[in-house]
Amino acid sequence: MRIVMLTVLIIAILLMTTCFPLFYLSDALLRQPGTEETALIPEASSKPVPAPENQGKQQPMPEPVPEETPDWMREEPLYYRHASAGEEYLKNGQWTEAAFAYEAAIEYAIEEGCSKQGLAGLYLSLMRAYDMQGKRTRSLSVLLGAKEQGAQSREIDEQIAYKLSDFKVDAGVKEAYRGALQSLLDQYGQYICTEDDWEYPLGVFHADILDCDRDGTHELFCIYGVPGKYTYAYGGATYEDVCNIPCIELYTYRDGRAVRLLRERVGNYFAQSDEGKEVVLGGTNEVWLNFYLDTQDYCKAYYTVQNGNLVSRVLNAALPRDTSFDIDVSLYDVALGYEIDGQQVDRNTFEEESVRLSDMIYGPDGEPAEYIFIPPDTFRARGYAKQIEAVMLLLGG
């Protein structure tokens, strides 16, 4: 009996020794990695665990939040702003302001690389602003300037053709005036100016065809610059200098030829200033030319044409030669005497006539027909408007 019990005990010990590694391995397999030895395996459920709602679908990427654009990047091109202002002026019937706005828009458009199509649209808008002011020659010159800048379009070509066909002047008048203008070009050359050229012009730089008394007979009006010497007094001393002096010529048609009615030099003394001089065309019923004459006195002249003859009103106030004075000082505080068309008058008569002529030029709205700047302003100086070429085309040249 003892032998049997001992045998059973030995067999049990052997079995326990053999199975111990299997228990250890099973326990290691049942543990989750990274858990403590006491972690328990969850019991299996008979119900399936629902998957997350969007599991298995590609989630959209969140929309990027755009950064705020700096103010300088949000600004509209300068030409667009000026063009918008021009459009508003046109809507309000402010033709002069519209022309200035579109001129500025064109300058900026060329600098900023506007498309040729957009540039053509700006030129056409400027043309309309001049048309509304009755400036036929300036309107045509704008279109020629557009073609020079490469801003070509079918409408520009059509407008040029229309303006040339609409110019109703006898062939004899055209031929006579074309010859007179060509003679000036041959003698003095044609002025070519750059943006930074502020010298007085040399050569023919302006021409136009006027009807001063609106009788159907047109006049030819030209301005050119010639070099000349002049003297002036300052601080009790006399000085001599050389400059290009603008000259005006005015022609009428008579007996089959161009007859010159006026040749006059624009003043380089009293009227001279840093902004340059100007010739003004204005008048309510007639077209008058108004500018300072080239004398050492205060001398302002008004010219028009009536029935083929020159009509003038020249106002002269003698100034002292031996003393200098501030140009802001009243003329009447320094003048030594007064003349109208060579006849001596008193101060009151001179003042009254000055006011009357000024009102006649500027009209009730205070707006003359045209300013012609000397030197030409930037827009025309850079070749955007081709006044001489426009006149030659109108005259059949």
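**Core and helix packing**

Me: How many residues does the largest nonpolar core have?
Reply: Among its members, those with the most contacts inside the core are I106, L122, Y123, L126 and L181. The model is predicted, so that local features need pLDDT of at least 70 and side-chain atom pairs count only at pLDDT 80 or more, while totals for chains, interfaces and linings use all residues. Residues are numbered from 1 along each chain as its sequence is written, and side-chain values use heavy atoms, without hydrogens or water. With a core taken as buried Ala, Val, Leu, Ile, Met, Phe, Trp, Tyr and Cys residues (under 20% relative accessible area, 1.4 Å probe) joined through side-chain atoms within 4.5 Å, the largest has 51 residues.

Me: Are helix 5 and helix 6 roughly parallel or antiparallel?
Reply: Helix 5 (residues 116-132) and helix 6 (residues 136-148), both DSSP runs of H or I with at least four residues, have axes 8 Å apart and an angle of about 170°. Because angles over 145 degrees count as such, the two helices are roughly antiparallel.

Me: How many nonpolar residues does the contact of helix 5 with helix 6 have?
Reply: Contact means heavy atoms within 4.5 Å, and Y123, L126 and M127 of helix 5 are among the residues that meet helix 6, where V142 and L143 are among the partners. Alongside two polar and two charged residues, the nonpolar ones number eight.

Terms used
Axes are lines fitted to C-alpha atoms, for helices over the stretch in contact, and angles run from 0 to 180 degrees between N-to-C directions. Angles under 35 degrees count as roughly parallel, over 145 as roughly antiparallel, 65 to 115 as roughly perpendicular and the rest as oblique. Ala, Val, Leu, Ile, Met, Phe, Trp, Tyr, Cys and Pro count as nonpolar, Asp, Glu, Lys and Arg as charged, and the others, Gly among them, as polar. Buried means under 20% relative accessible area, exposed over 50%, partly exposed in between (1.4 Å probe, protein chains only).
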